[in-house]
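Please have a look at the sequence and the structure before I go on.

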Amino acid sequence: MLMKELDIINERLKQLAFTKTQPFCYGCYAEAPKGTCKTCGSDDLMRLLPGVGCEYGTDWVVTNLIEENLTPVNSEEAFEESIRQCYPETVHVGWLELDTVTTIKEMDPISWDLAQSEWLSNEEAEGLIVTFDNGNSHYYLSDIESYLNGAESESQVGA
Ligand SMILES: [Zn+2]
């Protein structure tokens, strides 16, 4: 069910990438809005994203739209927040009262990093966050959805 949801999001992103770009003949270096170049007759066309560039396919357009319009998840901050919600704020060591998160980080940074990447893949498996660059950066699915909702109604008004 989650994969299906992600498929729908990807499909909507692809559609948006088409809306935001123009077919472009690289050989003639001209736009070909009809889907065939009127100069050379080629239908082997790139997509042109005004102000950015041209390239084959739409994946790069999707990546660009996401990067330009959305803020990636600050995974360090988000993970820390989730840990703070799971555990008491402080721990007692002898007579010391220490901040739980700071203590874990300082006592076992490797374990902290491991837990963070596990948490991240969990969030991904649950469909809360997605990556478009093999895990270098992540975005909240809810952010992508609201961006899509806005951008889609905008392009309908413009049409
Ligand atoms: Zn051409």
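Which residues form a nonpolar patch on the surface, and what is their accessible area together? Before I answer, please keep in mind that this is a predicted model. The nonpolar patch is formed by Val-93, Trp-95 and Leu-96, and together these residues have about 390 Å² of accessible area. Of these, let me take up Val-93, which lies in strand S5, the strand that covers residues 90-93. Its relative accessible area is 45%, and because exposed would require over 50% and buried under 20%, Val-93 is described as partly exposed.

Let me now turn to charge. There is also a negative surface patch, and its members are Glu-76, Glu-77, Glu-81 and Asp-113. The element that gives the most to this negative patch is helix H3, residues 75-86, which supplies three residues. Glu-76 is placed in helix H3, and with a relative accessibility of 57% Glu-76 counts as exposed, since the cut-off for that class is over 50%.

Staying with the helix, is Ser-82 buried or exposed? Ser-82 also has its place in helix H3, but with a relative accessible area of 16% Ser-82 is buried, because that class takes in values under 20%.

Definitions and conventions
Residues numbered from 1 in each chain as written. Predicted model: local features only at pLDDT ≥ 70, side-chain atom pairs only at ≥ 80, totals over all residues. Heavy atoms only, no water. Patch = residues over 30% accessible without salt bridge, like charges linked within 9 Å, V, L, I, M, F, W, Y side chains within 5 Å. Areas by Shrake-Rupley, 256 points an atom, 1.4 Å probe, with all protein chains shown as cover. Salt bridge = Lys/Arg side-chain N within 4 Å of Asp/Glu carboxyl O. Lys, Arg positive; Asp, Glu negative; His and termini not counted. Charge placed at Lys NZ, Arg CZ, Asp CG, Glu CD. Helix = DSSP H or I, 4+ residues; strand = E, 2+ residues; numbered from the N terminus. Buried < 20%, exposed > 50% of the residue type's maximum accessible area, 1.4 Å probe, protein only.
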